[in-house]
Amino acid sequence: MINLEIPAKLQQVQQMAQQLAAGVFRPIARKYDAIEHCDTPEELKPVAQMMAAMPRGSGGKGGGDEIKNGSNMTGILAVEAMCWGDVGLMLSIPGSGLGNAAVMAVGTPEQKEKYGKLYCAMAITEPGAGSDSAAVSTTAELDGDEWVLNGEKIYCTAGQRCDAVVVWATLDKSLGKAAIKSFIVPRDNPGLQLVRVEDKMGLRVSDTAALSFNNCRIPKDHILGSAEIGDTEEARKKAFGAMGRIAPDLLVQDATVPRTKLPEVLAGIDDIGSRYGLKIANVFHAGDGNLHPNILFDRQNQKELELVERASKEIMQLCVDAGGTITGEHGVGLDKREYMTLVYGPAELQAMAAAKQVFDPDSLFNPGKVLPEVEGAELGVAMKASTVS
Ligand SMILES: Cc1cc2nc3c(=O)[nH]c(=O)nc-3n(C[C@H](O)[C@H](O)[C@H](O)COP(=O)(O)OP(=O)(O)OC[C@H]3O[C@@H](n4cnc5c(N)ncnc54)[C@H](O)[C@@H]3O)c2cc1C
């Protein structure tokens, strides 16, 4: 059965956030709302230390009392509870800026060490680029060992009081989204000016700043991720044709893992390929954790076909163990049906079979393609048979 209760481990996080909201945020909310444009409220500094020590959840396959997607759920429950206290104060907790999330997601180990614990804001929005973030015009040009940033940013949360800003800028506007990169700029960089802090009708304790970058020079290693501009659309179009030149057959797998786990999952897939002596090429959906490990083989070779099936199952298990799941966009069918037990236990599968029976009592909808088989029949059909007998 799918359990909608909040797991015990997360209840503790939720209670802590509720106590914080009621005991710290609510009593000071009006005071800081009236002040506006203040420094970080003193009362939030110990909160930042407490947040840093909060459990982040285990991720992983789950089962029993283990938590699936623990870190996302932790964040949602904590933010929900704190917003009841005061949204502006929640947005003002040092060290929990949008820029911190970016550094932790794609920073190098050195960048995480240096900036991960500072208070990092995120500057994407510009006067001419809001919802359409691909239209950013702030430029970054490499000059020797330094990047030179020029442009205007608006609505930057914590832009005044942060320690550093993660700035989106384009290396070459004519190359579109692929040329947009993010850069870490220390707040005290002389090329970064605070233009104004907005007067707002709400969230007044949270500063919302306009920033200007005028020949703002930062070291070359302050780029987050790679400076390479990949023509990903072209590469994506040609990927399957290229694989077709290597082997006559291709098993296209479809799985999803947390984005932060992509490097270790790719290394694991590589290892599986080496152990089975199979070539595996991975094709991605940029940024959403959906990946397609494609196993190249020749179906005339019966022995190789068996290895492909075994390797495929191991890849699915690897993705599930990393906190992911067995499909991203292609759904469950004859191949994936057998992997359903990697993610669901008997009670959950029986609940799904019972739900399917309500809408499909004669088993006409995709029979045998969704639920695994028990005793030679699809789970739903087997359940119905046992009910009739
Ligand atoms: C309090 C606050 C804090 C913020 N903090 C940050 C921050 O820390 N960093 C940062 O980079 N930005 C931040 N922002 C900016 C925020 O991300 C932008 O306001 C947002 O992206 C929308 O952009 P915009 O205001 O230019 O509105 P627009 O993009 O001009 O949109 C205006 C309206 O048009 C609609 N619209 C836009 N495009 C389409 C479309 N294609 N189809 C249909 N409708 C459309 C929108 O839904 C909206 O209703 C903050 C904003 C606020 C208000």
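## Ligand shell

The shell around the ligand is made up of eight nonpolar, five polar and no charged residues. In this classification Ala, Val, Leu, Ile, Met, Phe, Trp, Tyr, Cys and Pro count as nonpolar, Asp, Glu, Lys and Arg as charged, and the others, Gly among them, as polar. This is a predicted model, in which local features need pLDDT of at least 70 and side-chain atom pairs count only at pLDDT 80 or more, while totals for chains, interfaces and linings use all residues. Residues are numbered from 1 along each chain as its sequence is written.

I124, G130, S131, Y155 and T157 come nearest among the 13 residues around the ligand; a residue is near a molecule or strand if its C-beta atom, placed from the backbone, lies within 6 Å of it. At least two shell residues come from each of β1 (120-123) and β3 (146-157).

## Overall fold

Twelve helices and 14 strands are assigned in the protein chain, taken as DSSP runs (helices H or I, at least four residues; strands E, at least two) and numbered from the N terminus. The C-alpha trace spans about 75 × 55 × 35 Å along its principal axes.

For contacts between residues at least 6 apart in sequence, 67% join residues at least 24 apart; a contact requires C-beta atoms, placed from the backbone, within 7 Å.

Five of the seven residues of strand β5 (residues 180-186) are buried, so by the burial cut-off the strand is mostly covered. Strands pair if DSSP finds at least two bridges between them.

With strand β4 (residues 164-170), β5 forms an antiparallel pairing over seven bridges, in which V166 has I184 of β5 as its bridge partner. The pairing of β5 with strand β8 (residues 223-224) is also antiparallel, over two bridges. Here F183 is bridged to I223 in β8.

The chain is divided into domain 1 (8-91), domain 2 (98-224), domain 3 (232-339) and domain 4 (344-388), with bounds from an automatic or database domain assignment. The C-alpha centres of domains 1 and 2 lie 25 Å apart.

Eleven residues of domain 1 are in contact with eight residues of domain 2. On the domain 1 side, α1 (8-35) and α4 (87-91) are the elements that give two or more residues, and α4 gives the most, with four. By class, this side has five nonpolar, three polar and three charged residues.

Methods:
Buried ≥ 20, exposed ≤ 12 C-beta atoms within 10 Å, placed from the backbone. Contact = placed C-beta atoms within 7 Å.
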